[in-house]
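Morning, everyone. Let me put the model up and walk you through it.

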Amino acid sequence: MLSKRVKDCLQVIGIDSFDERMVDKITCDSRECTSNSIYIGDKYKEDAKSKDAIIIDSTYASILINDFYDNPSKNYFVIGVTGTNAKTSISIYLKEMLTNLGYRCIRLGTNYHELLDEKVE
């Protein structure tokens, strides 16, 4: 199980803390909160607070999560396709081209995702 000290987690986003508790979960679902979790969000922060979770503004979510999970994307190359038209066609074409060149690809789309050659709705 992954866990880090609260003060180490908060230091990444510039907050000094002397809290020695261990964090084992970062969540945006207040129902999952415990005293060992960090809640990110505003809507249900009172519920999370009542469970003694650490409350963090969603502005810091990406920085905090990236550090907590040890920069999970550092070993991946990501291509984003944006625009008004042809995003699906271009992303399918890129996935096929890169797969044929020997790369393992995952395509995330609006309608479905492709994990290797399997469609996931």
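Here is a question to start: in strand 4, which residue is the bridge partner of Lys25? The partner is Ser37. Keep in mind that this is a predicted model.

Now the strands around that pair. Strand 3 and strand 4, residues 37-40, run parallel and are joined by three bridges.

Next, helix 3. The helix spans residues 61-68, and Ala61, Leu64 and Phe68 are buried in it. Why do they sit on the same side of helix 3? Because they cover an arc of only 75° around the axis. What covers these buried residues? The cover includes strand 3, strand 4 and strand 5. It also includes strand 1 (4-5), helix 1 (6-12) and strand 2 (22-23).

Now go to the end of that helix. Phe68 has 1% relative accessibility, so it counts as buried. Tyr69 has a relative accessible area of 41%, so it is partly exposed. How many aromatic pairs does the count come to? One. Phe68 and Tyr69 form an edge-to-face pair. Their rings are 5.0 Å apart, centre to centre, with 85° between the planes.

Notes
Residues numbered from 1 in each chain as written. Predicted model: local features only at pLDDT ≥ 70, side-chain atom pairs only at ≥ 80, totals over all residues. Heavy atoms only, no water. Pairing = 2+ DSSP bridges. Helix = DSSP H or I, 4+ residues; strand = E, 2+ residues; numbered from the N terminus. Buried < 20%, exposed > 50% of the residue type's maximum accessible area, 1.4 Å probe, protein only. Arc of directions from axis to C-beta. Contact = heavy atoms within 4.5 Å. Phe/Tyr/Trp six-rings, centres within 6.5 Å; stacked < 30°, edge-to-face > 60°.
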